[in-house]
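Work through the exercises below with the sequence and the structure in view. Try each task before reading its solution.

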Amino acid sequence: MPEYTLKLRRYSPESGEPAYWEEFTADLDGHRSVLDGILQIRDREDGSIGIRHSCRAAICGSCGVSINGRPGLACHMHLEEAQKRAERDGGVITVEPMGNMPVLKDLIVDMDAVHWKKMQRVTPWLIPEGEHPEREYIVPKEAMVDVTQTMACIQCGACVSHCLSMEVDPLFIGPAALAKAYRFVGDPRDGQQFERLRDLSEDPHGIYDCTHCFNCIEACPKGVAPMSQIMRLRRIAGSDHGIEDRNNGHRHENAFVKNIERNGLLHEADLLPDSYGGKFHPRAVPELLSSLPIALRGLQRGKITPKKALLHEHKAPQEVKDIFQRVHGHDTRFELNLYVSGKDEEQSGEQDNHDIVEGAQAHGTPSSSSAERSPNSV
Ligand code: SF4
Ligand code: SF4
Ligand code: FES
């Protein structure tokens, strides 16, 4: 039987001692999971090892940990795969509690203190408008396909653990809760689309607090792609509802796009004034003044030159202009829900699946406001 070395981060608050590492050996087939390894060690060597688990089948979301620095489900990682990934660490499988949440004991984090609190923040239930229909709400299939991806979340917290913005700003609502917010924003039965989006835009720790680091997409074991859901929230808030948040997030995002459209490459010196309405806009003046010390330091250190700061010689090449023209030329926003997939060759045998994909492509992101959508008509 192959042997695997597991190095576990131990912490027991009652002891008053700081956290420490402890190495153990598990002898199991390589296709058994890291969770199986930890449970064997707990059975044989130390019954006090703390780890939360239940289904052992990547369904319940309770065994979230960090394995060699990457968050994931302990029951969803084969020992042999974990060992391969740990090559840089001499094949030692290092398991520690997830990040961005307080540790309760060993590998168990306090999900209530962070994850569930943030989940509550986004009002994770439907708020229908108007009279309830006599029978059930009838929802178009494509509208449900659109939110399927977010419904796949098993609340494991892996994305929260890996979120860079949350590390800097613990108040950030975070990837899991914002993905959950899309589940209701994208549901045509909900009557509060605008209110939800305004709230999440205006909150300084809301949708514009994400820095597009992609970590949550990489971490999620269920393909929820929280960052993509956050971007969809932003697009509906900014483009469909014209919500201009006081954090300047929407204007800043637009300034980026216009900057690239104009220059092909980002011209940083224009970005700040553009984000505040242009160099001479009253909103931009205090911002420009407050950034002067940084600009002066950059000049002193030779990081920028007056020529570079004032002139940007790069102009967008035709290829970039063509991309913008093509995007602007679309009548409706095109968004492909990548979670539900089908192949042409499946057409004959699995027509339903193919239809679903077609529906998702055609539907894109719901762009009508909740006011235009009567719950009775959906
Ligand atoms: S993409 Fe945004 S939400 Fe996702 S981990 Fe990065 S900062 Fe957090
Ligand atoms: S979005 Fe993915 S990583 Fe985040 S809690 Fe849900 S299932 Fe886990
Ligand atoms: S034990 Fe349920 S997801 Fe791992």
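**Exercise 1. Which residues come closest to ligand 2, and which elements give two or more residues to its shell?**

Solution. This is a predicted model.
- Start with the count: ligand 2 is surrounded by 15 residues. The closest are Cys153, Cys156, Cys159, Cys220 and Val224.
- Next, look at the elements. Two or more residues of this shell come from helix 5 (158–162) and from helix 7 (175–185). Helix 7 has the largest share, 3 residues.
- Finally, sort the shell around ligand 2 by class: 12 residues are nonpolar, 2 are polar and 1 is charged.

**Exercise 2. Which residues come nearest to ligand 1, and how is its shell divided by class?**

Solution. 
- The shell around ligand 1 has 15 residues, and Cys163, Ser165, Cys210, Cys213 and Cys216 come nearest.
- At least two residues each are supplied by helix 6 (164–168), helix 9 (215–219) and helix 10 (226–240). Helix 10 gives the most, with 3 residues.
- By class, 10 residues around ligand 1 are nonpolar and 5 are polar, with no charged residues.

**Exercise 3. Which residues of helix 1 are buried, and what covers them?**

Solution. 
- Helix 1 spans residues 34–44, and its buried residues are Val34, Leu35, Gly37, Ile38, Leu39 and Ile41.

**Exercise 4. Which residues of the largest nonpolar core touch the most other members?**

Solution. 
- The core has 64 residues, and those touching the most other members are Val34, Ile38, Ala74, Val95, Leu178, Ala181 and Leu233.
- Helix 7 gives the most to this core, with 8 residues.
- Both domain 1 (3–109) and domain 2 (112–246 + 336–377) contribute at least three residues to this core.
- Take Ala74 as a case. Leaving aside neighbours within four places in sequence, Ala74 is in contact with Ser33, Val34, Leu35, Ile38, Ile51, Cys63, Val65 and Val95.

**Exercise 5. Is isoleucine 243 buried or exposed? Is histidine 250 buried or exposed?**

Solution. 
- Isoleucine 243 lies in the loop between helix 10 and helix 11 (249–263), and histidine 250 lies in helix 11.
- The cut-off for a buried residue is 20 or more other C-beta atoms within 10 Å.
- Isoleucine 243 is buried because it has 20 other C-beta atoms within 10 Å. Histidine 250 counts as buried because it has 20 C-beta neighbours inside 10 Å.
- Now check the contacts, leaving aside neighbours within four places in sequence. For isoleucine 243 they are Leu197, Arg198, Ser201, Ala237, Gly238 and His250. For histidine 250 they are Ser201, Gly238, Ile243, Glu244 and Asp245.
- A last step compares sequence with space. Isoleucine 243 and glutamate 202 are 41 residues apart in sequence, with 8.9 Å from C-alpha to C-alpha.

**Exercise 6. Where does pLDDT stay under 50?**

Solution. 
- The protein chain has an average pLDDT of 87, and 88% of its residues score at least 70.
- The stretch under 50 is residues 346–378, for which the model has 74 contacts beyond four places in sequence.
- Where pLDDT is low, the predicted coordinates should not be read in detail.

Conventions:
Residues are numbered from 1 along each chain as its sequence is written. Chains are lettered from A and ligands numbered from 1 in the order in which they are written. This is a predicted model: local features need pLDDT of at least 70, side-chain atom pairs count only at pLDDT 80 or more; totals for chains, interfaces and linings use all residues. A residue is near a molecule or strand if its C-beta atom, placed from the backbone, lies within 6 Å of it. Helices (H or I, at least four residues) and strands (E, at least two) are DSSP runs, numbered from the N terminus. Ala, Val, Leu, Ile, Met, Phe, Trp, Tyr, Cys and Pro count as nonpolar, Asp, Glu, Lys and Arg as charged, and the others, Gly among them, as polar. A residue is buried if 20 or more other C-beta atoms lie within 10 Å of its own, exposed if 12 or fewer, and partly exposed in between; C-beta atoms are placed from the backbone. pLDDT is the predictor's confidence in each residue, from 0 to 100. Two residues are in contact if their C-beta atoms, placed from the backbone, lie within 7 Å. A nonpolar core is a set of buried Ala, Val, Leu, Ile, Met, Phe, Trp, Tyr and Cys residues joined through C-beta atoms within 7 Å. Domain bounds come from an automatic or database domain assignment.
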